[in-house]
Amino acid sequence: MSVVRIVNELPQAAPQSPWLDTILKGDCVAALERLPDHSVDVIFADPPYNLQLDGDLHRPDQSKVDAVDDHWDQFDSFQTYDAFTRAWLLACRRVLKPNGTIWVIGSYHNIFRVGTSLQDLGFWVLNDVIWRKTNPMPNFRGRRFQNAHETMIWASRDQKGKGYTFNYEAMKAANDDIQMRSDWLFPICTGGERLKDENGDKVHPTQKPEALLARVLMASTKPGDVVLDPFFGSGTTGAVAKRLGRHFVGIEREQAYIDAATARIAAVEPLGKAELTVMTGKRAEPRVAFVSVVESGLLRPGTVLSDARRRHAAIVRADGTLAANGDAGSIHRMGAKVQGLDACNGWTFWHYEEEGGLKPIDDLRSKIRLQMLPVGA
Ligand SMILES: C[S@@+](CC[C@H](N)C(=O)[O-])C[C@H]1O[C@@H](n2cnc3c(N)ncnc32)[C@H](O)[C@@H]1O
């Protein structure tokens with residue numbers, strides 16, 4: 001088994017990992033043994049679909065359809081395919097971090113079998129995402145519906161897999177402030193993106209569109225994460241990972257595909273740090289207790305806070321509580337108490353005086369959060 005190293009300008013997440021940003025040549029189950037336990041954040045797998053094609057497929061004008069009839073897509077039975085699926089999924093599960101997730105793409109030929117294996121092996125399905133093709137191939141025989149989509153199963157490593165990355169806020173903002181749905185519309189890979197050889201033939205029969213991989217990685221990874229693709233093919237995952245500032249490791253058996261992927265990835269320019277910053281929501285921001293605002297000197301004990309219309313007042317105490325009307329408690333409890341309500345967000349209710357005006361104490365929390373950012377961020 002050999003290793004093809006691709007120079008990637010990214011800071012090395014784990015410099016001692018010789019497999020980082022490389023393509024490992026060989027069978028993926030064997031090659032995965034070279035990766036340590038819990039070493040990758042996300043896996044994108046586009047395995048053989050086991051299309052079970054029965055002879056050549058022709059268009060109505062008798063021209064032959066360029067179907068996927070490659071030897072790597074052929075299995076002699078469903079049992080053989082299932083054994084293969086379980087073997088590579090198990091190997092992938094070992095190298096996945098406990099909070100990692102896996103994406104597997106497939107069609108009706110294989111995705112249900114893959115789904116069963118995923119669940120049997122302990123993965124926990126988070127979504128099945130439909131990739132609806134804007135330009136699918138027609139059904140030439142007219143005996144079935146046009147097959148216009150593929151399915152991606154997104155699963156966490158374990159049922160209790162907590163803390164996996166899902167950039168919910170960024171996805172929603174990118175979707176005009178509407179929650180991103182599980183049906184995605186993309187064209188199949190054509191035009192300039194499609195790798196062609198010197199004869200103008202496709203380099204790889206199942207090259208996936210970069211836009212699809214970009215959505216997957218933007219949704220489920222952070223810059224600097226390590227993305228594994230055990231069926232690397234033409235290297236779509238590696239090209240997109242490098243562009244988006246993620247590390248990759250690819251595994252592929254065929255040298256011709258490795259050569260094409262190597263050249264492709266070498267030509268990719270990574271985006272800059274500013275363009276790659278992932279938008280996060282309040283839930284992802286570090287927790288700041290009100291006492292930190294007092295301890296940091298942004299509010300002195302004894303300061304009088306009021307609501308925006310100056311109807312209620314409370315005094316800041318050194319222990320981070322507020323006192324009002326003979327009672328004391330948290331900013332939230334006292335905000336609710338003075339209004340006669342059950343609950344209140346004290347951060348937005350209570351205000352302090354600055355330059356002759358009132359400002360919410362939430363502004364002070366933001367200042368503390370800024371101080372918490374890593375140096376250079
Ligand atoms: C469906 S294609 C992946 C295409 C890829 N996503 C792309 O965009 O180019 C599956 C790839 O897996 C490779 N492959 C099949 N069986 C393999 C195995 N056991 N180990 C490693 N690679 C394998 C094939 O050579 C093929 O390139």
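Before the clicking starts, one cut-off to keep in mind: a residue is buried under 20% relative accessible area, exposed over 50%, and partly exposed in between. Keep in mind too that this is a predicted model.

**Stop one: an edge-to-face pair.** Aromatic pairs come up 13 times in this structure. Select Phe-75 and Tyr-81 to begin: their planes stand at 90 degrees with the ring centres 5.0 Å apart, so this pair is edge-to-face, since over 60 degrees is what that label takes. Now colour by accessibility and look at Tyr-81, which is buried at a relative accessible area of 1%.

**Stop two: a tilted pair.** Next, pick Trp-154 and Phe-166. Their centres are 5.6 Å apart and their planes make an angle of 55 degrees, a tilted pair.

Which of the two is buried, and which is partly exposed? Trp-154 has 4% relative accessibility and counts as buried. Phe-166 comes out at 38%, so it counts as partly exposed, falling between the 20% and 50% cut-offs.

**Stop three: the cluster.** Together with Trp-154 and Phe-166, they form a cluster linked by ring pairs.

**Stop four: charges over rings.** Jump to Arg-93 and Phe-123. The charged end of Arg-93 sits over the Phe-123 ring, 5.5 Å from the ring centre. Then try Lys-133, which lies over the face of Trp-131 at 5.0 Å from the centre of the ring.

**Last stop: the ligand.** Select the ligand and show its surroundings: 22 residues surround it, and the closest are Asp-27, Asp-46, Ser-234, Thr-236 and Glu-252. By class, that shell has nine nonpolar, seven polar and six charged residues.

- Asp-27: a polar side-chain atom lies 2.8 Å from a nitrogen atom of the ligand.
- Lys-208: here a backbone N or O atom lies 2.9 Å from a ligand oxygen atom.
- Ser-234: a polar side-chain atom is 2.6 Å from an oxygen atom of the ligand.

On its own the ligand has 600 Å² of accessible area, and the protein covers 99% of that.

Note on methods: Residues are numbered from 1 along each chain as its sequence is written. This is a predicted model: local features need pLDDT of at least 70, side-chain atom pairs count only at pLDDT 80 or more; totals for chains, interfaces and linings use all residues. Side-chain values use heavy atoms; hydrogens and water are left out. Rings of Phe, Tyr and Trp (its six-membered ring) pair if their centres lie within 6.5 Å; planes under 30 degrees apart count as stacked, over 60 as edge-to-face and the rest as tilted. Buried means under 20% relative accessible area, exposed over 50%, partly exposed in between (1.4 Å probe, protein chains only). A charge sits over a ring if NZ of Lys or CZ of Arg is within 6 Å of the ring centre and within 35 degrees of the ring normal. A residue is near a molecule or strand if one of its heavy atoms lies within 4 Å of it. A polar contact is a pair of N or O atoms within 3.5 Å; within protein, one must be able to donate a hydrogen and the other to accept it, and residues adjacent in sequence count only if both atoms are side-chain atoms. Accessible areas come from the Shrake-Rupley method with a 1.4 Å probe; for residues, only the protein chains shown count as cover. Ala, Val, Leu, Ile, Met, Phe, Trp, Tyr, Cys and Pro count as nonpolar, Asp, Glu, Lys and Arg as charged, and the others, Gly among them, as polar.
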